[in-house]
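This report concerns helix packing and aromatic ring pairs.

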Amino acid sequence: MRTHAQAVVIGGGVIGCSILYHLAKLGWSEVVLLERDELTSGSTWHAAANIHGLHDSTNISRLQHYTMTLYKELEAETGQSCGVFQPGSLYLAQTDAREHQLRLQEAKARRYGMNFHEVSRDEAERLHPLVDFSGIRCIMYEPDGGNVDPSGVTNAYAVGARQRGAEIHRFTPVTATEAQPDGTWIVRTPKGDIRAPWVVNAAGLWGREVAALAGLELPLIPTEHQYFVTETIAEIAGMDRRLPSVADRDGEYYLRQEGQGLLVGAYERDVRFWAEDGTPQGFGHELFPDDLDRIEDNVMRAIDRVPVIGTAGIKRVINGPMIWSPDSAALMGPVPELTGYFCCNGIIPGFSQSGGLGRLAAEWMVEGEPSLDMFGWDLARFGAWAGKDFTKARVGDQYAHRFKIHFPGEEREAGRPVRTRPIHAMQSGMGAVFGLNYGWEHPLYFDADTPDSAGFTRQPWWESVRREARALRETGGIIDISNFAKYRVAGPGAEDWLNALFANRMPRAVGRSCLTPLIGKRGGIAGDFTVTRLGEEEFWVLGSGMAERFHQRFFRAVPLPEGTTFDSLTEAVCGFNLAGPQSRALLETLTDADLSNEAFPFFRSRRITVAGIDCVGIRVSFTGDLGWELHCAEADQLALYTALIEAGQGMGIGPVGSRALMSLRVEKGYGSWGRDYSPEYWPQESGLDGLIRGDKDFLNKDAWLAIKDKPARERMVMLEIDATTADATGGEPIFLPDGTPVGQVSSGAYGYSVGASLAIAYLKADHAVPGTAVEVAILGQPHEAKVLSKPPFDPEGLRLRDMHPVGEPAE
């Protein structure tokens, strides 16, 4: 066994073997995999191993498609059979919402050249004559869908990795992972120790236990999951071809052919958790006792759809463990607080995602960043706030509603609240309807008489949000921005450190602010921040709240100068954005500070007292209107909010939620990180290249230099869409009228103050021209749209700078 390696992968399931294979494929031949038992122990061996390509997330669809096409290449490369069966998959829609979901996925498939299309009922009956298609509104067909052999796939990855020089050691448990002062790790086993710069936790059911060796607690919990295989069914035995699988997610079951019978599985509402306090070390290829009564309701729906199931005997039942994250997506990426520790845990559709996960993980370690933006899988989306109670509640909800549609902007109640601010009770009393942002409860809108709901079409709360957005534009509004990430950098090296981190030059004068991008390893946009100089040696940095842990990786990459401190203020400091044409008039009633344009111009800051409360005031607003951000100590939040609300009552200024803010910033054309700004897009594509100062050094400048003179592949544009019942939300593909794919939406909303359905989108550069006619696949159907030459609200920024008369917004 090697004593030194480039990476040590812990876990010999399909994910660990895929990561090992892809690391070797990218050139790291000195890599080692350690497995405590036999390969495939844990969850891999008993998986149903279905494969499918389409997902609500565009990038996950791309990676699942990569995985599906990889298996036959892997067979040819290694000579190891993956047991690939690809008779296709039929996707059924019983409801309007499911039809919208499938049609949107079909549009995404057309954009990326994936094989997924609608078929008629006659064609579906020919493909699968045992299915009763009564009541089905829409049928999609994926010809490449099917299933694989779990052991075959895992061993093919293993063979491919060994062929490239990798080592695999079975029956070699890891007893310790010890971080070393030089940034490497020592991995200890009974057979010897290995030193490596990277440790990869791909331990599946034992992911929690392996993480604990490094002092980590991962938000994971296992459940039982059952499926059964029928005896031979005569109709299947008499066929000369394999039947396609059936995805009837409204029926909450799945089924496919297995041998000459059918495999039927279900995610029942009566969830059974397992090994809550830790997976037994001796567990390997065991199963749980059968408990088919728990999935009876699901099975009865399957029988209604495929009647032969009801007369077939049961050949065997599989009831085994699966380990879940709180949102059922992978926990993937380098641990931000550690050097060289990578996780890839909590994978549910492992055989649809194994290749993509392995490729991304290898890119991340070898090249410094994955080629696709996968923040939705990044373990940094959860922090310490995602504890055991939250994880159990969310996993229970995810399991019981495994096939429920995840609508855009949907908020689920399970496990909440986790983190609240002092004004939570007051906001609740004012009718706030709350959402979740990195564990924090924050107001979506204020109308308790209109409960939150989710769907692809405009929801009942649309009118509530409209009232808030219009009120802010006409008079003013108070937006809780406490969940923004806030940092304080202070000391003699603060300016130098920030200049070495960010691409823009830091403000040189006290009271000045700047916008700056953070550049990723491939030259894309890893973040966007507002930096304010509050003193000669003191700066405040504001960024995305949901990306606070994600950005720690970048902050840690630049050593702090001696005597300089970096502190997160996100928990200790709260904030409000007071915005709108009357915002100055309101604020003047609460402070003695001179708020005139001359004394307090746009993008300036200072410490001021508001209602007797010390605040950092920054004249900026994500709404695109006249406004100030007011940041105060958490202990003063309730008093400041009370003062603002009371002062606003006589002026028609009230609370505004985050959904109205989304509309306001979209109609102003303001991008948002995680939606419009992403590591996938270059600065010249996102319109942020003007904020980069090439005459200084900054983090990943070499990556930016490598792409800065390349022509933009796509450009960020604004679209006005002819839509009346639904608006774009993000991810919708965009086509030319002749059907040629040219881009996709990154953000969308109805612009209430301009009376138009709008979207921020990326289009191929040749088509990102004002006036270009395109079609946006809202609800999966083409909606006519045109590229705008400028944002529809106040394109010159006159309102923002208070240079426009109070009244109707500039057109």
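Is the crossing of α1 and α5 left-handed or right-handed? In this predicted model, the crossing of these two helices is left-handed.

**Helix packing**

Two packed helices are described by the angle between their axes and the distance between the axes. For helix α1 (residues 14-25) and helix α5 (residues 150-163), the angle is about 25° and the axes lie 8 Å apart. An angle under 35 degrees counts as roughly parallel, and α1 and α5 are therefore roughly parallel to each other. On the α1 side, the contact is formed by Val-14, Cys-17, Ser-18, Leu-20, Tyr-21, His-22 and Ala-24, which meet Val-153, Thr-154, Tyr-157, Ala-158, Gly-160 and Ala-161 of α5. Of the residues in this contact, nine are nonpolar, four are polar and none is charged.

**Aromatic pairs**

Across the whole structure, 38 aromatic pairs are found. Two of them are set out below.

| Pair | Centre to centre | Angle between planes | Arrangement |
|---|---|---|---|
| Tyr-445 and Trp-461 | 6.3 Å | 25° | stacked |
| Phe-600 and Trp-628 | 6.0 Å | 90° | edge-to-face |

Tyr-445 belongs to strand β21 (residues 440-446) and Trp-461 to the loop between β21 and α12 (462-474), so this pair ties together parts that are 16 residues apart in sequence. Both Tyr-445 and Trp-461 are buried.

Phe-600 lies in the loop between α15 (583-588) and β29 (605-610), whereas Trp-628 lies in strand β31 (residues 627-633); the pair links distant parts of the chain, 28 residues apart. Phe-600 and Trp-628 are likewise both buried.

Ring pairs also join Tyr-487, Trp-497, Phe-502, Phe-529, Phe-555 and Phe-566 into a cluster.

Key. Residues numbered from 1 in each chain as written. Predicted model: local features only at pLDDT ≥ 70, side-chain atom pairs only at ≥ 80, totals over all residues. Heavy atoms only, no water. Axes fitted to C-alpha atoms, helices over the stretch in contact; angles between N-to-C directions. Helix = DSSP H or I, 4+ residues; strand = E, 2+ residues; numbered from the N terminus. Parallel < 35°, antiparallel > 145°, perpendicular 65-115°, else oblique. Left-handed = near helix turned anticlockwise from the far one by under 90°. Contact = heavy atoms within 4.5 Å. Nonpolar A, V, L, I, M, F, W, Y, C, P; charged D, E, K, R; others polar. Phe/Tyr/Trp six-rings, centres within 6.5 Å; stacked < 30°, edge-to-face > 60°. Buried < 20%, exposed > 50% of the residue type's maximum accessible area, 1.4 Å probe, protein only.
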